Amino acid sequence: MDRGVLVRRYKEDGHAVAFVRDGNVIRPVFDTEAGKFYPRALLEVIVPDEQPATAEQMSQLRELGWPWQEPLSQKEAALALTVWTDFVGHRTPKHTEEAAAHAAA
């Protein structure tokens, strides 16, 4: 992260929230309980590199349901993959719990 710190908090009910803290400024990134995701807030915290996202990165994002079509740099895509995967995994806590139980078995 080039500008600010990404903070993720996980609730007991399985939901999660994430925000970027840059000094005294806090910008929400996602809230799984509300079903909200703010890609601009996420992507504004990094300085894009000159390399466009790889086809593999974009394919992974599409498979996960990434709804935005604008081009990303490799650096933006890497961050988007990490945070979007977290958002998708926690927006349906029931499935998260089932997956955790299955993994533990």
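1. Contact here means heavy atoms within 4.5 Å. In that sense Pro52 touches Leu72, Ser73 and Gln74, leaving out residues up to four places away in sequence. The model is a predicted one.

2. Start with the overall layout. The protein holds four helices and four strands. Read from the N terminus, the elements run β-β-β-β-α-α-α-α. The protein has 105 residues, and 35% of them count as buried. Take the contacts between residues at least 6 apart in sequence: 41% of these join residues at least 24 apart.

3. Helix α3 deserves a look of its own. The helix covers residues 74-90, which is 17 residues. From first C-alpha to last, α3 reaches 24 Å. That is close to the 24 Å expected at 1.5 Å a residue.

4. Which residues of α3 are buried? The list is Glu76, Ala77, Leu79, Ala80, Leu81, Val83, Trp84, Asp86, Phe87 and His90. Glu76 and Asp86 are among them.

5. Next comes the pairing of α2 with α3. Helix α2 spans residues 55-63. The axes of α2 and α3 come within 10 Å and cross at roughly 30°. Angles under 35 degrees count as roughly parallel, so α2 is roughly parallel to α3. The crossing of these two helices is left-handed.

6. Which residues make this contact? From α2 come Gln57, Gln60 and Leu61. They meet Gln74, Ala77, Ala78, Ala80 and Leu81 of α3. By class, the contact has five nonpolar residues, three polar ones and no charged ones.

7. Is Pro52 buried or exposed? Its relative accessible area is 55%. Exposed means over 50%, so Pro52 is exposed. Pro52 and Ala77 lie 25 residues apart in sequence, yet their C-alpha atoms are 8.8 Å apart in space.

8. Val47 and Lys75 are 28 residues apart in sequence. Their C-alpha atoms are 8.1 Å apart in space.

9. On the strand side, consider Arg27. Arg27 is found in strand β3, residues 25-31. Its relative accessibility is 22%. Buried means under 20%, so Arg27 counts as partly exposed.

10. What is Arg27 in contact with, leaving aside its neighbours within four places in sequence? The partners are Arg3, Phe19, Val20, Asp22, Ala41 and Val45. Arg27 and Val45 are 18 residues apart in sequence, and 9.9 Å apart from C-alpha to C-alpha.

Terms used:
Residues numbered from 1 in each chain as written. Predicted model: local features only at pLDDT ≥ 70, side-chain atom pairs only at ≥ 80, totals over all residues. Heavy atoms only, no water. Expected span 1.5 Å × (residues − 1). Buried < 20%, exposed > 50% of the residue type's maximum accessible area, 1.4 Å probe, protein only. Axes fitted to C-alpha atoms, helices over the stretch in contact; angles between N-to-C directions. Parallel < 35°, antiparallel > 145°, perpendicular 65-115°, else oblique. Left-handed = near helix turned anticlockwise from the far one by under 90°. Nonpolar A, V, L, I, M, F, W, Y, C, P; charged D, E, K, R; others polar.
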